[in-house]
Each structure stands twice: as C-alpha cells, then as structure tokens.
Amino acid sequence: MTQADLFRKAFFPHVSTAEWRDWRWQLANRLTTAEQISRILTLTKDEQNALQQANVFPTAITPYYASLLERSPLRKTMLPSTMEKTLSVGETDDPLGEEPCMVATGLVHRYPDRVLFLTTEYCSAYCRYCTRSRLVGRHAANCSGNGLKQRWRAAFEYIRAHKEVRDVLVSGGDPLTMSDELLDYLLASLRAIKHVEMIRIGSKVPAVLPMRITPALMKVIRRHHPVYFSLHFTHPDEMTPETVRACERIANAGIPSGSQTVLLQGINDDAETLKGLMHALLKARVRPYYLFQCDPIAGSMHFRVPVAKGIELINALRGHTSGYAVPTYAIDIPGGGGKIIINDQRCVGRDGDFLLLKNFENNIYRYPDPLTDQK
Ligand SMILES: *Cc1c(COP(=O)(O)O)cnc(C)c1O
C-alpha cells in the first residue's frame with residue numbers, strides 16, 4: 001500500500017480504487033475550500049483565514065497530491081497564506097512580460113527559433129508562486145474543446161507563416177489536463193506544419209495527477225514524435241511510486257523529459273533536498289533541466305531565495321555529483337529579458353599565457369591559453 005492508498009482509506013473511504021485512479025475523478029474532486037481541506041489537513045489560523053477568501057486566494061489541490069502534504073514542506077506550495085497580499089518591490093502580475101510578446105492569442109514569440117504556446121488556462125493544482133496566476137485560477141473548469149480549437153487557430157496560422165519556428169513549447173495552464181482527443185488534434189495540427197521540428201509539452205501532471213499518464217495517452221503522444229516533456233518538480237516527497245511509474249511510462253514511450261524546479265524558501269533551498277530530488281528524478285529517467293529563481297509574481301516574496309544562496313546551492317551540486325544531476329540555474333528576467341543563466345565565476349584571472357580556473361573544491365588550476373598565436 002502506498003501513502004496515497006492509506007490516505008484514501010482514511011479520508012475517502014467510499015471511493016473505490018478505480019475511481020481514485022481515474023484522473024477525471026481526481027479533477028472533479030479537487031479540494032478548493034477551507035471546509036474540504038480542513039477535513040484532511042490540520043490548518044493554521046493563517047491558512048484558514050486565507051482559504052476563507054476564495055476569490056482572493058484561489059486554491060485547488062488534487063486529492064492525490066493532498067495525500068502528500070500533511071508533513072511535507074510541499075504544503076506551503078499549495079495552501080494559501082495571507083502573505084500573498086503583500087506586494088514587494090519589483091513584483092507584478094506579469095513578471096515575465098509575456099503580454100507584450102504575444103503574437104497571437106496565447107502565443108509568445110520571444111526567442112528567434114521557438115515559441116511558447118499557452119494552450120489552456122486550466123491547471124489541476126494551483127502553485128502559490130505560479131508565474132501565470134494572472135491566467136490560471138480564474139478558470140475553475142476547462143474551456144470546451146471547440147472553444148480551444150477556435151482560439152488556437154490564429155496561433156497555428158502564425159507558426160505556419162513563420163518558417164523560423166522549429167520548436168513549439170506547449171504550455172498553459174497544464175496541457176495534459178486536456179482530453180486525449182484534444183491533445184491529438186493539437187499535436188497533429190502542429191505536426192502538419194513542416195518546419196516544426198520538435199514539440200515540447202510543459203506539465204506538472206506527473207507530480208500532481210500521475211494517473212493521467214495512461215497507456216492511451218502515451219499512444220497518442222508517440223504518434224507525434226519527436227515530443228519532449230518539460231516537467232515541473234519541487235521536492236523529493238513528490239517521487240512516490242505513482243509518480244515514478246508515470247515517469248517510467250513517459251520514458252518507455254520514447255519521450256525524453258527534463259525537469260524544471262523553482263527554488264523556494266523553506267521548501268527546497270538546501271543542498272541535500274535538491275540533491276535528493278535530482279537523484280530521484282534521474283532514477284526515474286527524468287533529466288534535471290532548469291533550476292529557476294522564483295519569478296517576482298505579486299505576493300511571492302516569502303518564497304524567494306537570495307541569488308547568492310542559489311549560486312551556493314548549485315556549487316554544492318556541480319562536481320559533487322553526476323553532471324546529469326545538475327540543472328542550469330536561471331533567472332527569467334522581468335520585462336521580457338528572457339532567461340539568463342547564473343553561474344559562479346570559475347575563470348578567476350590570468351597568468352601570462354595561462355588561464356587561472358577554480359575547480360569544484362575551490363583549488364586554482366592553470367590552463368594553457370596563449371594570448372598570442374604561437375603556432
Ligand atoms: C522558457 C521559454 C522558452 C524555452 O526556453 P528554453 O531555454 O529553450 O527551454 C521559449 N519561449 C519563452 C517565452 C520562454 O519563456
């Protein structure tokens with residue numbers, strides 16, 4: 001029995017295993033109110049307070065993910081806090097400046113050869129630090145399939161007209177909350193555009209709704225290869241047998257997946273937790289891709305870790321464990337600057353024809369790199 005099975009027996013005794021494993025049941029039974037959540041978790045005064053203002057702090061947690069929260073720091077990523085009301089310096093509702101880069105409904109074209117396609121506003125669970133909380137959370141139900149198809153038309157047209165777009169990053173909301181049929185339509189429409197070389201799907205579903213990763217869904221995705229997944233993971237507590245199984249199914253379907261983690265204060269901002277997460281991901285054949293500094297979305301100050309500490313944490317990984325386990329630390333710059341990679345300075349100077357380089361143990365080494373051509 002997994003932790004989730006025990007949780008189901010305790011809090012959802014009348015729910016069958018079949019229902020629990022049905023992703024549509026999970027979505028239909030998301031926990032959204034103080035009343036529902038207090039039945040399951042012991043709430044603090046502040047959490048209760050925030051949950052009672054549902055229109056200010058929209059909240060949604062799948063019953064499956066709720067089973068992980070009681071004793072995990074992950075609870076702070078899902079349960080609202082009245083601290084979200086505090087607007088700190090530099091915080092906005094559109095921290096990445098996506099709106100001005102929109103070239104069609106939901107389509108952000110910032111980099112030369114790839115686009116970000118926000119295909120749905122619907123998400124199965126609401127992360128408190130979500131960059132797109134301006135879009136997500138106001139949409140309790142998924143838009144109808146026909147409504148979405150209608151909306152995507154202009155984006156397809158733009159991509160078709162822009163031959164330089166070779167990589168389409170399908171995101172949202174969470175695209176894997178759509179039906180198999182709708183995803184099939186979406187991927188087929190993108191595939192029909194000759195110059196689209198690869199498609200990426202951004203999703204948190206394997207962590208919050210692993211039962212969505214069905215053999216039927218994998219069959220749909222495989223039809224449209226090469227498809228990559230960019231998966232959102234936060235903490236090793238997420239790597240349950242259910243989630244590991246989902247990641248393995250993804251790998252077995254030939255879908256390479258990378259993970260994206262947001263560095264969060266008091267949740268994953270220590271070297272052991274990060275290393276534990278990266279190792280667990282690699283075991284499930286997910287390659288750590290990005291570690292993001294938390295975006296300055298309104299009311300997110302309590303989640304942000306100083307950049308100096310982020311550099312320290314990356315230094316604690318680089319060289320100390322498999323290179324595959326080290327994600328790239330990046331800041332997505334406010335106002336549309338895009339992603340900027342943050343690295344500790346390893347090139348510390350020069351001694352004549354030699355570069356001075358600092359290794360992972362902070363020892364200085366000399367590497368021949370003549371200033372003048374001596375051949
Ligand atoms: C993050 C992002 C991408 C993809 O960036 P990669 O570094 O290629 O993963 C593309 N477009 C936008 C607008 C993004 O924010």
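Colleague: Which helix is Pro241 found in?
Modeller: Pro241 lies within residues 241-252. This is a predicted model, where local features need pLDDT of at least 70, side-chain atom pairs count only at pLDDT 80 or more, and totals for chains, interfaces and linings use all residues. Residues are numbered from 1 along each chain as its sequence is written, and side-chain values use heavy atoms, leaving out hydrogens and water. With helices (H or I, at least four residues) and strands (E, at least two) taken as DSSP runs numbered from the N terminus, the helix holding Pro241 is H12.

Colleague: Is Pro241 buried or exposed?
Modeller: Buried means under 20% relative accessible area, exposed over 50%, and partly exposed in between (1.4 Å probe, protein chains only). Pro241 has a relative accessible area of 53%, so Pro241 is exposed.

Colleague: How far apart in space are Pro241 and Pro210?
Modeller: In sequence, Pro241 and Pro210 are 31 residues apart. From C-alpha to C-alpha, the distance between Pro241 and Pro210 is 9.7 Å.

Colleague: Why is His109 counted as buried?
Modeller: His109 sits in strand S2 (residues 107-111). His109 counts as buried because its relative accessibility is 15%.

Colleague: Which side chain makes a polar contact with the side chain of His109?
Modeller: The side chain of His109 also reaches the backbone oxygen of Tyr111 at 3.0 Å. Among the residues His109 touches, not counting those up to four places away in sequence, are Cys101, Arg114 and Glu164, where contact means heavy atoms within 4.5 Å. A polar contact is a pair of N or O atoms within 3.5 Å; within protein, one must be able to donate a hydrogen and the other to accept it, and residues adjacent in sequence count only if both atoms are side-chain atoms. At 2.7 Å, the side-chain partner of His109 is Tyr158.

Colleague: And Thr321: what joins its side chain by a polar contact?
Modeller: Thr321 is in the loop between helix H14 (307-317) and strand S9 (328-333). With a relative accessible area of 17%, Thr321 is buried. Thr321 touches Val326 and His279, not counting residues up to four places away in sequence. The polar contact of 2.7 Å runs from Thr321 to the side chain of His279.

Colleague: At what angle do H9 and H11 pack?
Modeller: The axes of H9 (residues 180-191) and H11 (residues 215-222) are 9 Å apart. H9 and H11 are roughly parallel to each other (an angle under 35 degrees). Leu183 and Leu187 of H9 and Val220 and Ile221 of H11 are among the residues making the contact. The angle between H9 and H11 is about 10°.

Methods: Axes fitted to C-alpha atoms, helices over the stretch in contact; angles between N-to-C directions. Parallel < 35°, antiparallel > 145°, perpendicular 65-115°, else oblique.
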